[in-house]
Amino acid sequence: MSKVRCHPVSASKPVVLLAEELSPATVEALGPDFEIRQTDGADRSQLLSAIADVDAILVRSATQVDAEAIAAAKNLKVIARAGVGLDNVDIKSATQAGVMVVNAPTSNIVSAAELTVGHILSLARHIPQASSALKNGEWKRSKYTGIELFEKKIGIIGLGRIGALVAARLQGFETEILAYDPYITAARAAQLGVKLVTLDELLENSDFITIHMPKTPETVGMLGADAFRKMKESAYVINVARGGLVDEEALYTALKEGQIAGAGVDVFVKEPSTDLPFFEFDNVVVTPHLGASTDEAQEKAGVSVAKSVRLALAGELVPDAVNVAGGVIAPDVRPGIPLIEKLGRIFTALTHASLTQIDVEVAGEIAALDVKVLELAALKGVFADVVTEQVSYVNAPVIAEQRGINTRLITTPDAEDYRNVLTIRGALSDGSQISVAGTLTGPKQVEKLVGVNGYDVEIPISEHLVVVAYADRPGVIGTIGHILGMNNINIGGMQVARQTEGGQVLALLTIDSSVPQQVLEAIKAGIGAEMVREVDLED
């Protein structure tokens, strides 16, 4: 449980520090109830001096709100980032200090979707290349003959909010939209007017492929050498989502060997990047991370976080808080928030088909309290590694609704083996069900996983967890340990559970480091496992 700072009562106005230039609309949205101060957040000495007695700080990307700055701010309650990314904010230190962190997760979604369409049009009609040639005195109409989007197949990988906006805009060109998203239902896809297909089908049939997935260990390099080999030679690839989703070395090779027709890239593994090898190709359009670079997106971001600051300092629930929910939450309920968020991420890692129903069950003494926040936190965890946008306590139910997933909160005073148990259950589109359960034990409130898919277990939740399901027989544990040992991966703890002798076994392993995908595949092949999944909870 994170520490919460106590602040002295004062009749003076709360102090809000603007550490970077923000729009007049942002100040207007804060209103007259605050003392507004300004400083140059990029100047370290100025920042540490100015932040000492403020209640909230608003930043963009130039100000580093790290552990040192948070420690210097004795009255700080809120850090607000007027934008989407939070690379310049130390969320862990803020949480430990009881400081809320908020951002503006939806401020750039329209801008990002429109930039995607802009890249697609630029590739189809060679607009940047033709403009550059003409400005250099070259009139080459035949060289820059392009293609129409009309009746072309557009493949969208990831149908979150941005992917859905891209689909809506491209339908105006009378294109056929193919989509791959393992977490969306067929009913929701039909509402969006898109055809759900497998990833291979999308890669093999699309004329333009745009990716809008979150950056996770599973999605890094998602469009790599294997994917490029499956694409048509006339296909174009677009990435305005996250650097690293497209393997940059594999992209260079695919372009050099003519495996694809071209690419549009706005985000890169390392930024700024100005001289990557694939920049040399004339059939590549690159932009310097412009997804959120519109006047409208910047205005929305400032106004959005200003409203969040008002809510936070008033003690109300804050929709866009990324680390704590805010508002009045019972002390006995609050420790369950980070636990059930982790359970949500474990739950998602175990899914193998799209979800249709999610039940959040709170059992035990705290069931008599207001536990609605635990449902919100569970959904936040479930979707954290699924969508590209920042998931908050308020937009998580909206994300579930958009995906056609029904949700329900169930409370009961009965918890058989523990004071309180939190459970997430889900029904999948293939008719199967999954579940995870957890609790907090002892005076240190240790987070433990106590149930997976009906198996009773009890193992501390760690940053790296591997779940293995296999047929019961001798020698399996030794094989798993041998494979991990051969790859220099240390096991911190292990528990094996079974319901009947000779039936299916569930093994849970806490691991000291992340397990590469090829090692997981080696374990699956080595023991003939039904399932091998890693859950990476590292911040």
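Helices are taken here as DSSP runs of at least four residues, numbered from the N terminus, and in this predicted model Asp-295 has its place in helix 12. Asp-295 is exposed, with a relative accessible area of 68%, and it belongs to a negative surface patch that is formed together with Glu-114, Glu-296 and Glu-299. Helix 12, which covers residues 295-313, supplies the largest share of this negative patch, namely 3 residues.

Helix 5 comprises residues 109-125, and its 17 residues reach 24 Å from the first C-alpha to the last, close to the 24 Å expected at 1.5 Å a residue. Of these 17 residues, 12 are buried, so helix 5 is largely enclosed by the rest of the structure. Among the buried residues of helix 5 are Ile-109, Leu-115, Val-117, His-119, Ile-120 and Leu-123. Helix 5 is followed by His-126, for which phi is positive, near 55°.

Side chains of opposite charge can pair when their charged atoms come close. The structure holds 21 salt bridges. One of these is found between the side chains of Lys-380 and Glu-341, at 3.3 Å from N to O. This pair links distant parts of the chain, given that Lys-380 lies in helix 14 (residues 372-384) and Glu-341 in helix 13 (residues 336-350), 39 residues apart. Both Lys-380 and Glu-341 are buried.

A salt bridge also joins the side chains of Asp-359 and Arg-408, with an N to O distance of 2.7 Å. Because Asp-359 lies in strand 13 (residues 355-364) and Arg-408 in strand 14 (residues 406-412), the pair ties together parts that are 49 residues apart in sequence. With regard to accessibility, Asp-359 counts as buried at 12% relative accessibility, whereas Arg-408 is partly exposed, with a relative accessible area of 44%.

Between the side chains of Glu-458 and Lys-448, a further salt bridge is formed at 2.9 Å, N to O. Here too the pair links distant parts of the chain, with Glu-458 in strand 18 (residues 455-460) and Lys-448 in strand 17 (residues 446-452), 10 residues apart. Residues under 20% relative accessible area are counted as buried, and Lys-448, with a relative accessible area of 17%, is therefore buried, while Glu-458 counts as partly exposed at 36% relative accessibility. Finally, Glu-35, Arg-37 and Asp-53 are linked in a network of salt bridges.

Note on methods. Residues are numbered from 1 along each chain as its sequence is written. This is a predicted model: local features need pLDDT of at least 70, side-chain atom pairs count only at pLDDT 80 or more; totals for chains, interfaces and linings use all residues. Side-chain values use heavy atoms; hydrogens and water are left out. Patches are made of residues with over 30% relative accessible area and no salt bridge: like charges are joined within 9 Å, nonpolar side chains (Val, Leu, Ile, Met, Phe, Trp, Tyr) within 5 Å. Accessible areas come from the Shrake-Rupley method with a 1.4 Å probe; for residues, only the protein chains shown count as cover. A salt bridge is a side-chain nitrogen of Lys or Arg within 4 Å of a carboxyl oxygen of Asp or Glu. Lys and Arg count as positive and Asp and Glu as negative; His and the chain ends are not counted. The place of a charge is taken as NZ of Lys, CZ of Arg, CG of Asp or CD of Glu. Helices (H or I, at least four residues) and strands (E, at least two) are DSSP runs, numbered from the N terminus. Buried means under 20% relative accessible area, exposed over 50%, partly exposed in between (1.4 Å probe, protein chains only). The expected span of a helix is 1.5 Å times one less than its number of residues.
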